[in-house]
Amino acid sequence: MRWATVNPRKYLTPQPRLFVRNHTSTPVIDKSAWRLRVFGDGLATPRPATDPLTLSFRDLRRLPHTRVLSVHECTGNGRSFFASQQGTPAAGTAWTLGAVGSVVWEGVRLRDLLKEVGLGDDAVSIQATGLDPSYVSGGVDYGPVRRPFPVSKALRDAVLAWSANDEELLPDHGYPLRLVLPGWVGIGSIKWLGSLEVSNTQLTSPWNTKWYRMTGPTYSTTEPPLTVNPVRSAWELASGATLRAGRRHTLTGRAWSGAAPIKKVNVSLDGGQSWQRADLRDEDGRGAGVATVRGHGWTRFSVEWDRPAAGSYQLLARATDTDGRTQPLASPFNDQGYFFDAVVRHPVTVA
Ligand SMILES: Nc1nc2c(c(=O)[nH]1)N[C@H]1C(S)=C(S)[C@@H](COP(=O)(O)O)O[C@H]1N2
Ligand SMILES: [Mo]
(Lines give C-alpha, C1' and ligand atoms only; values in the text may rest on other atoms or scores of the structure.)
(Ligands and ions follow the chains in the order given, each with its own letter.)
Protein backbone atom coordinates (compact mmCIF):
# COMPACT_ATOMS: atom_id res chain seq x y z
CA MET A 1 0.00 0.00 0.00
CA ARG A 2 1.35 3.40 -0.94
CA TRP A 3 0.93 5.88 1.87
CA ALA A 4 0.89 8.78 -0.60
CA THR A 5 -2.35 7.37 -2.06
CA VAL A 6 -4.14 6.92 1.26
CA ASN A 7 -7.24 9.10 1.33
CA PRO A 8 -7.21 11.01 4.64
CA ARG A 9 -11.04 11.02 4.60
CA LYS A 10 -11.36 7.23 4.28
CA TYR A 11 -10.78 5.05 7.27
CA LEU A 12 -10.55 1.63 5.65
CA THR A 13 -8.03 0.32 3.13
CA PRO A 14 -9.71 -0.74 -0.15
CA GLN A 15 -8.80 -4.35 -0.97
CA PRO A 16 -7.17 -3.49 -4.31
CA ARG A 17 -4.84 -1.10 -2.44
CA LEU A 18 -3.96 -3.54 0.34
CA PHE A 19 -0.46 -5.07 0.33
CA VAL A 20 -0.09 -8.65 -0.86
CA ARG A 21 2.39 -10.98 0.78
CA ASN A 22 2.63 -14.49 -0.71
CA HIS A 23 5.18 -17.17 0.07
CA THR A 24 4.43 -18.85 -3.26
CA SER A 25 1.57 -17.97 -5.59
CA THR A 26 -2.14 -17.26 -5.43
CA PRO A 27 -4.12 -20.48 -6.02
CA VAL A 28 -7.28 -20.50 -8.13
CA ILE A 29 -10.03 -22.04 -6.01
CA ASP A 30 -13.53 -23.11 -7.01
CA LYS A 31 -15.73 -22.08 -4.10
CA SER A 32 -18.40 -24.72 -4.77
CA ALA A 33 -15.83 -27.56 -4.66
CA TRP A 34 -13.86 -26.05 -1.77
CA ARG A 35 -14.11 -27.70 1.66
CA LEU A 36 -12.68 -26.80 5.06
CA ARG A 37 -11.21 -29.90 6.73
CA VAL A 38 -11.23 -30.02 10.52
CA PHE A 39 -9.44 -32.78 12.41
CA GLY A 40 -7.20 -33.56 15.38
CA ASP A 41 -7.14 -35.18 18.82
CA GLY A 42 -8.34 -31.89 20.36
CA LEU A 43 -11.87 -32.28 19.00
CA ALA A 44 -14.54 -33.56 21.38
CA THR A 45 -14.72 -36.55 19.05
CA PRO A 46 -11.12 -36.93 17.87
CA ARG A 47 -10.60 -37.40 14.12
CA PRO A 48 -7.47 -38.26 12.17
CA ALA A 49 -6.26 -36.14 9.24
CA THR A 50 -7.27 -39.00 6.96
CA ASP A 51 -10.92 -38.77 8.08
CA PRO A 52 -11.62 -35.09 8.77
CA LEU A 53 -14.90 -33.28 9.26
CA THR A 54 -15.59 -31.33 6.10
CA LEU A 55 -17.51 -28.09 5.86
CA SER A 56 -18.66 -26.52 2.62
CA PHE A 57 -18.97 -22.80 2.11
CA ARG A 58 -22.72 -23.15 2.57
CA ASP A 59 -22.23 -24.94 5.90
CA LEU A 60 -20.15 -21.99 7.09
CA ARG A 61 -22.68 -19.40 5.93
CA ARG A 62 -25.29 -21.10 8.10
CA LEU A 63 -23.35 -20.23 11.26
CA PRO A 64 -23.77 -16.80 12.94
CA HIS A 65 -21.92 -14.03 11.06
CA THR A 66 -19.79 -11.28 12.50
CA ARG A 67 -17.94 -8.19 11.27
CA VAL A 68 -14.63 -7.38 12.87
CA LEU A 69 -12.22 -4.52 12.27
CA SER A 70 -8.52 -5.19 12.40
CA VAL A 71 -5.27 -3.60 11.37
CA HIS A 72 -3.79 -6.19 9.06
CA GLU A 73 0.00 -6.02 9.01
CA CYS A 74 3.04 -8.01 7.96
CA THR A 75 5.64 -8.85 10.62
CA GLY A 76 8.29 -7.38 8.33
CA ASN A 77 6.56 -4.02 7.84
CA GLY A 78 9.23 -1.30 8.00
CA ARG A 79 12.05 -3.81 7.44
CA SER A 80 13.99 -1.61 4.98
CA PHE A 81 14.57 0.96 7.74
CA PHE A 82 16.90 -1.49 9.48
CA ALA A 83 19.20 -0.72 6.51
CA SER A 84 18.36 2.88 5.61
CA GLN A 85 17.99 4.25 9.12
CA GLN A 86 20.11 1.99 11.31
CA GLY A 87 22.78 0.76 8.85
CA THR A 88 22.08 -2.94 9.54
CA PRO A 89 20.28 -4.56 6.56
CA ALA A 90 18.00 -7.49 7.35
CA ALA A 91 16.99 -10.39 5.08
CA GLY A 92 13.53 -10.37 3.50
CA THR A 93 11.15 -8.19 1.51
CA ALA A 94 12.31 -4.58 1.76
CA TRP A 95 9.02 -3.05 2.89
CA THR A 96 8.91 0.59 3.87
CA LEU A 97 5.68 1.13 5.85
CA GLY A 98 3.07 -0.05 3.36
CA ALA A 99 2.66 -3.66 4.52
CA VAL A 100 -0.38 -2.67 6.55
CA GLY A 101 -4.04 -1.82 6.10
CA SER A 102 -7.26 -1.45 8.06
CA VAL A 103 -9.99 -3.89 7.11
CA VAL A 104 -13.49 -4.87 8.26
CA TRP A 105 -13.66 -8.62 7.87
CA GLU A 106 -16.91 -10.52 7.69
CA GLY A 107 -17.21 -14.17 8.49
CA VAL A 108 -17.71 -16.70 11.25
CA ARG A 109 -16.08 -16.49 14.64
CA LEU A 110 -13.78 -19.45 15.08
CA ARG A 111 -15.30 -20.01 18.52
CA ASP A 112 -18.71 -20.50 16.90
CA LEU A 113 -17.27 -23.02 14.47
CA LEU A 114 -15.51 -24.86 17.30
CA LYS A 115 -18.75 -24.94 19.25
CA GLU A 116 -20.47 -26.40 16.21
CA VAL A 117 -17.90 -29.14 15.63
CA GLY A 118 -17.21 -29.79 19.34
CA LEU A 119 -13.99 -28.69 21.04
CA GLY A 120 -12.31 -31.13 23.42
CA ASP A 121 -11.60 -30.06 27.01
CA ASP A 122 -7.84 -30.47 26.65
CA ALA A 123 -7.31 -28.70 23.31
CA VAL A 124 -4.47 -26.15 23.44
CA SER A 125 -3.31 -25.53 19.88
CA ILE A 126 -4.81 -25.08 16.41
CA GLN A 127 -2.87 -25.24 13.16
CA ALA A 128 -4.24 -23.44 10.10
CA THR A 129 -2.99 -24.61 6.70
CA GLY A 130 -3.32 -22.82 3.36
CA LEU A 131 -4.14 -24.35 -0.03
CA ASP A 132 -1.33 -22.51 -1.84
CA PRO A 133 1.60 -24.52 -3.26
CA SER A 134 4.29 -25.80 -0.88
CA TYR A 135 7.01 -23.34 0.00
CA VAL A 136 10.39 -24.38 -1.37
CA SER A 137 13.49 -22.41 -0.46
CA GLY A 138 17.17 -23.28 -0.81
CA GLY A 139 16.23 -26.72 -2.10
CA VAL A 140 14.14 -27.53 0.99
CA ASP A 141 10.40 -28.23 0.69
CA TYR A 142 8.77 -26.82 3.82
CA GLY A 143 5.28 -27.94 2.84
CA PRO A 144 2.20 -25.74 2.64
CA VAL A 145 2.14 -22.42 4.51
CA ARG A 146 0.75 -23.13 7.97
CA ARG A 147 1.05 -21.79 11.49
CA PRO A 148 -0.31 -22.88 14.85
CA PHE A 149 -1.88 -20.54 17.42
CA PRO A 150 -3.29 -21.07 20.91
CA VAL A 151 -6.88 -22.16 21.48
CA SER A 152 -7.19 -19.10 23.75
CA LYS A 153 -6.73 -16.83 20.71
CA ALA A 154 -9.23 -18.92 18.75
CA LEU A 155 -11.85 -18.47 21.47
CA ARG A 156 -11.10 -14.77 21.98
CA ASP A 157 -11.40 -13.13 18.58
CA ALA A 158 -10.25 -15.27 15.62
CA VAL A 159 -12.48 -15.04 12.54
CA LEU A 160 -12.87 -17.15 9.41
CA ALA A 161 -13.45 -14.39 6.89
CA TRP A 162 -15.01 -14.46 3.43
CA SER A 163 -15.22 -10.75 2.85
CA ALA A 164 -13.16 -7.61 3.34
CA ASN A 165 -14.87 -4.21 3.56
CA ASP A 166 -18.15 -5.77 2.42
CA GLU A 167 -16.67 -7.26 -0.75
CA GLU A 168 -15.87 -10.87 -1.45
CA LEU A 169 -12.20 -11.59 -0.74
CA LEU A 170 -10.00 -11.03 -3.78
CA PRO A 171 -7.95 -14.08 -4.86
CA ASP A 172 -4.73 -12.47 -3.59
CA HIS A 173 -6.22 -11.93 -0.14
CA GLY A 174 -7.36 -15.49 0.44
CA TYR A 175 -10.53 -16.27 -1.57
CA PRO A 176 -12.74 -18.02 -0.67
CA LEU A 177 -11.87 -18.09 3.07
CA ARG A 178 -9.03 -16.88 5.25
CA LEU A 179 -8.28 -16.91 8.91
CA VAL A 180 -7.91 -13.54 10.67
CA LEU A 181 -6.11 -13.23 14.01
CA PRO A 182 -6.78 -9.57 14.97
CA GLY A 183 -3.76 -7.66 16.27
CA TRP A 184 -1.37 -10.51 15.59
CA VAL A 185 1.43 -10.86 13.04
CA GLY A 186 0.12 -11.15 9.47
CA ILE A 187 1.49 -14.67 9.02
CA GLY A 188 -1.08 -15.88 11.55
CA SER A 189 -3.90 -14.90 9.19
CA ILE A 190 -3.62 -17.89 6.86
CA LYS A 191 -5.11 -17.30 3.41
CA TRP A 192 -6.94 -19.87 1.23
CA LEU A 193 -7.72 -21.80 4.37
CA GLY A 194 -7.83 -25.52 3.71
CA SER A 195 -7.70 -27.13 7.13
CA LEU A 196 -7.67 -26.65 10.87
CA GLU A 197 -5.96 -29.17 13.10
CA VAL A 198 -7.12 -28.98 16.72
CA SER A 199 -4.66 -30.55 19.13
CA ASN A 200 -4.14 -31.43 22.79
CA THR A 201 -0.40 -30.77 22.37
CA GLN A 202 1.48 -27.71 21.11
CA LEU A 203 1.68 -27.89 17.32
CA THR A 204 4.62 -26.49 15.40
CA SER A 205 5.50 -25.51 11.85
CA PRO A 206 8.56 -23.83 10.34
CA TRP A 207 6.48 -20.63 10.43
CA ASN A 208 6.62 -20.54 14.21
CA THR A 209 9.92 -22.37 14.87
CA LYS A 210 12.28 -21.31 12.07
CA TRP A 211 10.68 -18.03 11.03
CA TYR A 212 8.57 -15.42 12.81
CA ARG A 213 10.58 -15.51 16.01
CA MET A 214 13.48 -13.27 16.93
CA THR A 215 17.00 -14.43 16.09
CA GLY A 216 20.21 -12.44 16.06
CA PRO A 217 23.02 -11.03 18.17
CA THR A 218 20.92 -9.85 21.12
CA TYR A 219 18.45 -12.74 21.16
CA SER A 220 18.57 -16.12 22.88
CA THR A 221 17.79 -19.34 21.01
CA THR A 222 14.56 -19.76 22.92
CA GLU A 223 12.62 -16.66 21.92
CA PRO A 224 8.86 -17.37 21.65
CA PRO A 225 6.98 -17.20 18.34
CA LEU A 226 5.94 -13.62 17.52
CA THR A 227 2.29 -12.86 18.17
CA VAL A 228 1.05 -9.33 19.03
CA ASN A 229 2.07 -6.52 16.68
CA PRO A 230 4.03 -3.54 18.04
CA VAL A 231 3.10 0.18 17.90
CA ARG A 232 3.80 1.94 14.61
CA SER A 233 2.83 5.09 12.74
CA ALA A 234 3.13 6.56 9.25
CA TRP A 235 2.55 9.82 7.41
CA GLU A 236 0.15 9.89 4.45
CA LEU A 237 2.91 11.23 2.23
CA ALA A 238 5.47 9.84 -0.18
CA SER A 239 9.01 9.66 1.11
CA GLY A 240 10.71 12.80 -0.22
CA ALA A 241 7.38 14.53 -1.00
CA THR A 242 7.55 18.19 -1.98
CA LEU A 243 5.34 20.74 -0.18
CA ARG A 244 4.83 24.38 -1.14
CA ALA A 245 6.73 26.93 0.90
CA GLY A 246 4.75 29.70 2.61
CA ARG A 247 1.45 27.77 2.67
CA ARG A 248 -0.48 26.25 5.48
CA HIS A 249 -0.40 22.45 5.35
CA THR A 250 -2.44 19.88 7.22
CA LEU A 251 -0.16 16.88 7.63
CA THR A 252 -1.98 13.61 8.25
CA GLY A 253 -1.05 10.08 9.18
CA ARG A 254 -2.13 7.00 11.11
CA ALA A 255 -0.92 5.14 14.18
CA TRP A 256 -1.77 1.62 15.31
CA SER A 257 -0.91 -1.08 17.80
CA GLY A 258 -1.64 -4.79 17.91
CA ALA A 259 -2.40 -4.62 21.62
CA ALA A 260 -4.46 -1.58 22.54
CA PRO A 261 -5.92 1.71 21.30
CA ILE A 262 -3.57 4.59 20.51
CA LYS A 263 -3.36 7.07 23.36
CA LYS A 264 -1.20 9.82 21.85
CA VAL A 265 1.00 10.65 18.90
CA ASN A 266 3.87 13.07 19.34
CA VAL A 267 5.19 14.60 16.15
CA SER A 268 8.26 16.59 15.19
CA LEU A 269 8.47 18.63 11.98
CA ASP A 270 12.13 19.52 12.47
CA GLY A 271 13.92 16.20 12.66
CA GLY A 272 13.34 15.70 16.38
CA GLN A 273 14.42 19.06 17.84
CA SER A 274 10.94 20.03 18.97
CA TRP A 275 7.85 17.91 19.55
CA GLN A 276 4.12 18.56 19.78
CA ARG A 277 0.97 16.49 20.30
CA ALA A 278 -0.89 15.64 17.11
CA ASP A 279 -4.70 15.84 17.00
CA LEU A 280 -6.29 12.38 17.05
CA ARG A 281 -9.43 11.05 15.39
CA ASP A 282 -11.34 7.82 15.81
CA GLU A 283 -9.25 6.32 18.56
CA ASP A 284 -10.32 2.74 19.03
CA GLY A 285 -11.38 2.32 15.43
CA ARG A 286 -14.61 4.30 15.59
CA GLY A 287 -13.96 5.56 12.05
CA ALA A 288 -14.90 2.22 10.56
CA GLY A 289 -18.51 2.60 11.67
CA VAL A 290 -18.73 -0.97 12.96
CA ALA A 291 -18.80 -2.48 16.40
CA THR A 292 -15.14 -3.29 16.98
CA VAL A 293 -12.86 -5.24 19.19
CA ARG A 294 -11.12 -2.80 21.51
CA GLY A 295 -7.91 -1.47 20.05
CA HIS A 296 -8.01 -3.20 16.71
CA GLY A 297 -8.43 -0.21 14.42
CA TRP A 298 -5.95 2.48 13.61
CA THR A 299 -6.11 6.10 14.71
CA ARG A 300 -5.79 9.03 12.33
CA PHE A 301 -3.59 11.92 13.43
CA SER A 302 -3.05 15.38 12.01
CA VAL A 303 -0.96 18.45 12.65
CA GLU A 304 -0.97 21.93 11.11
CA TRP A 305 2.25 23.13 9.52
CA ASP A 306 2.01 26.86 9.07
CA ARG A 307 4.05 28.42 6.26
CA PRO A 308 7.26 26.42 6.50
CA ALA A 309 10.33 28.03 4.93
CA ALA A 310 11.98 26.39 1.92
CA GLY A 311 14.39 23.64 2.87
CA SER A 312 14.79 19.95 3.67
CA TYR A 313 12.97 18.54 6.67
CA GLN A 314 12.41 15.30 8.47
CA LEU A 315 8.94 14.54 9.82
CA LEU A 316 8.78 12.23 12.82
CA ALA A 317 5.76 10.59 14.47
CA ARG A 318 5.95 8.70 17.72
CA ALA A 319 2.87 6.85 18.94
CA THR A 320 1.96 5.47 22.37
CA ASP A 321 -0.83 2.99 23.06
CA THR A 322 -3.01 2.74 26.15
CA ASP A 323 -0.94 -0.26 27.29
CA GLY A 324 1.93 2.22 27.70
CA ARG A 325 3.93 0.96 24.74
CA THR A 326 5.74 3.77 22.87
CA GLN A 327 7.66 3.59 19.61
CA PRO A 328 11.40 3.53 20.42
CA LEU A 329 13.95 5.74 18.63
CA ALA A 330 15.76 2.61 17.41
CA SER A 331 14.63 -1.01 17.02
CA PRO A 332 16.98 -3.77 18.19
CA PHE A 333 18.32 -5.59 15.13
CA ASN A 334 17.14 -9.12 14.31
CA ASP A 335 18.26 -11.27 11.38
CA GLN A 336 14.90 -11.38 9.60
CA GLY A 337 14.04 -7.73 10.13
CA TYR A 338 10.82 -8.30 12.05
CA PHE A 339 9.01 -5.65 14.09
CA PHE A 340 10.75 -2.47 12.96
CA ASP A 341 8.74 -0.24 15.27
CA ALA A 342 11.15 2.68 15.71
CA VAL A 343 10.25 6.27 14.86
CA VAL A 344 10.78 6.65 11.10
CA ARG A 345 12.54 9.76 9.80
CA HIS A 346 10.36 10.83 6.89
CA PRO A 347 12.15 13.25 4.51
CA VAL A 348 10.22 16.05 2.79
CA THR A 349 11.28 19.08 0.77
CA VAL A 350 9.63 22.45 1.13
CA ALA A 351 10.05 24.53 -2.02
N1 LIG B 1 -1.71 -19.55 2.81
C2 LIG B 1 -0.98 -18.47 3.04
N3 LIG B 1 -1.36 -17.61 4.00
C4 LIG B 1 -0.63 -16.48 4.25
C5 LIG B 1 0.57 -16.22 3.53
C6 LIG B 1 0.95 -17.14 2.52
O7 LIG B 1 1.96 -16.98 1.82
N8 LIG B 1 0.16 -18.25 2.30
N9 LIG B 1 1.30 -15.11 3.85
C10 LIG B 1 1.11 -14.57 5.21
C11 LIG B 1 1.77 -13.31 5.45
S12 LIG B 1 3.43 -13.35 5.76
C13 LIG B 1 1.05 -12.14 5.55
S14 LIG B 1 1.78 -10.70 6.01
C15 LIG B 1 -0.39 -12.10 5.23
C16 LIG B 1 -0.63 -11.14 4.07
O17 LIG B 1 -1.99 -11.08 3.73
P18 LIG B 1 -2.45 -10.25 2.45
O19 LIG B 1 -1.59 -10.68 1.29
O20 LIG B 1 -3.89 -10.54 2.26
O21 LIG B 1 -2.22 -8.79 2.75
O22 LIG B 1 -0.90 -13.36 4.86
C23 LIG B 1 -0.36 -14.45 5.56
N24 LIG B 1 -1.09 -15.64 5.21
MO1 LIG C 1 4.05 -11.24 6.60
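**Strand β5**

I began with β5 and its pairing to β12 (residues 193-199), which is antiparallel and runs over six bridges. I noted one position in that pairing: Ser-125 stands opposite Ser-199 in β12. The model I am reading is predicted.

I then looked for another partner of β5. Strand β8 (residues 146-150) pairs with β5 over five bridges, again in the antiparallel sense. There I picked out Ile-126, whose bridge partner in β8 is Phe-149.

Ser-125, Gln-127 and Thr-129 point one way. Ile-126, Ala-128 and Gly-130 point the other way. Both sets are buried.

**Ligand 1**

Next I checked what surrounds ligand 1. I got 20 residues. The closest are Phe-19, His-23, Asp-132, His-173 and Lys-191.

I listed polar distances to oxygen atoms of the ligand. A polar side-chain atom of Lys-191 lies 2.5 Å from an oxygen of ligand 1. For His-23 a backbone N or O atom sits 2.7 Å from a ligand oxygen. For Arg-21 I read 2.9 Å, again from a backbone N or O atom to an oxygen of ligand 1.

I also looked up the record. An unreviewed UniProt entry annotates residues 23-207 as "domain: Oxidoreductase molybdopterin-binding". Over that range I have 14% helix and 31% strand. The end C-alpha atoms of the range are 11 Å apart.

**Gln-15**

I went to Gln-15, in the segment before β1 (36-39). Is Gln-15 buried or exposed? Its relative accessibility is 3%, and the cut-off for buried is under 20%, so Gln-15 counts as buried.

I followed the side chain of Gln-15. It reaches the backbone nitrogen of Leu-170 at 2.8 Å. It also reaches the backbone oxygen of Glu-168 at 3.1 Å. Leaving out residues up to four places away in sequence, Gln-15 touches Ala-164, Asn-165, Glu-167, Glu-168, Leu-169, Leu-170 and His-173.

I placed Asn-165 in the loop between β9 (159-164) and β10. At 16% relative accessibility, Asn-165 counts as buried.

Phe-339 is in the loop between β20 (311-321) and β21 (346-350). Its relative accessible area is 14%, so Phe-339 is buried.

I also noted a cis peptide bond between Tyr-175 and Pro-176, with omega about 5°. Pro-176 is in the loop between β10 (167-168) and β11 (178-180).

**A four-stranded sheet**

Last, I traced an open sheet of four strands. The order is β13-β15-β19-β18, and the pairing is antiparallel. Which strands stand at the edges? I found β13 (231-235) and β18 (279-281) there. Each has a single partner strand, so one side of each is left without a neighbour in the sheet. Neighbouring strands are turned by 25° against each other on average, direction ignored.

Three bridges join β18 to β19 (residues 299-306), and the two run antiparallel. Arg-281 has Arg-300 as its bridge partner in β19.

Definitions and conventions
Residues are numbered from 1 along each chain as its sequence is written. Chains are lettered from A and ligands numbered from 1 in the order in which they are written. This is a predicted model: local features need pLDDT of at least 70, side-chain atom pairs count only at pLDDT 80 or more; totals for chains, interfaces and linings use all residues. Side-chain values use heavy atoms; hydrogens and water are left out. Two strands pair if DSSP finds at least two bridges between them. Axes are lines fitted to C-alpha atoms, for helices over the stretch in contact, and angles run from 0 to 180 degrees between N-to-C directions. Buried means under 20% relative accessible area, exposed over 50%, partly exposed in between (1.4 Å probe, protein chains only). A polar contact is a pair of N or O atoms within 3.5 Å; within protein, one must be able to donate a hydrogen and the other to accept it, and residues adjacent in sequence count only if both atoms are side-chain atoms. Contact means heavy atoms within 4.5 Å. UniProt positions are given in the numbering used here, feature names are shortened, and annotations may be inferred rather than shown by experiment. A residue is near a molecule or strand if one of its heavy atoms lies within 4 Å of it.
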